[in-house]
Amino acid sequence: MESSSVPTDAQLRELAEGVAVLMRERKLMLVTAESCTGGFIAKVLTDLPGSSAWFDAGVVTYSYEAKEALLGVNPRTLERTGAVSEETVLEMVSGALARFGAGAAVAVTGIAGPSGGTEGKPVGTVWIGWKRRGGYAHARLFHFQGDRDAIRRQTVAAALDGLGKELTD
């Protein structure tokens, strides 16, 4: 999905349906760890009938304290790199897998705006991480454009697209 296009509900549903097929085929459960999307990824996935067969849990963590308590993010990581960083999203996705019985996880952290951006991390800066149980976590940095809804929709699309790639690699 192009970072400049804002995905529609139908496009997000199509991406979610693709993830659902892969999760069922691989007999895996999924967990989401979300910050800037506020549960949007989990919503899109659980809008699908039968999602309880492959969707385990969704965790929304906005504060440092929630990231630490619910996902095991190291306080030193947050102090050193901030919530919107590669290190933090890797710890989020790894923590999500460690705390739930899922076989795959996706995590997102970013600045959806309209405020909160800085020169080094402007609004639209988003880190997304993916991990399969027994594998290595990896992450990718995105710079999305638009208003809060547009940034969140692009994040959901990129997270689902990456999850599809993670499950087919």
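This is a predicted model: local features need pLDDT of at least 70, side-chain atom pairs count only at pLDDT 80 or more; totals for chains, interfaces and linings use all residues.
Residues are numbered from 1 along each chain as its sequence is written. Local features need pLDDT of at least 70 and side-chain atom pairs count only at pLDDT 80 or more, while totals for chains, interfaces and linings use all residues; side-chain values use heavy atoms, without hydrogens and water.

Let's start inside. A nonpolar core is a set of buried Ala, Val, Leu, Ile, Met, Phe, Trp, Tyr and Cys residues joined through side-chain atoms within 4.5 Å, where buried means under 20% relative accessible area (1.4 Å probe, protein chains only). The largest one has 34 residues, and Trp54 and Leu160 are among those with the most contacts inside it. Helix H6 (148-168) is one of the elements giving two or more residues to this core, and H6 gives the most, with eight. Helices are DSSP runs of H or I with at least four residues, numbered from the N terminus. Leaving aside residues up to four places away in sequence, Leu160 touches Leu12, Leu15, Ala16, Val19, Ile41, Val44 and Leu45, with contact meaning heavy atoms within 4.5 Å. A second, separate core of 19 residues includes Ala57 and Trp127.

Now for the rings. The structure holds two aromatic pairs; Phe, Tyr and Trp rings (for Trp, the six-membered one) pair if their centres lie within 6.5 Å, with planes under 30 degrees apart called stacked, over 60 edge-to-face and the rest tilted. Trp54 and Phe55 are edge-to-face because their planes stand at 85°, with centres 6.4 Å apart. Phe142 and Phe144 are stacked, at 5.2 Å and 15°.

Conventions. Buried means under 20% relative accessible area, exposed over 50%, partly exposed in between (1.4 Å probe, protein chains only).
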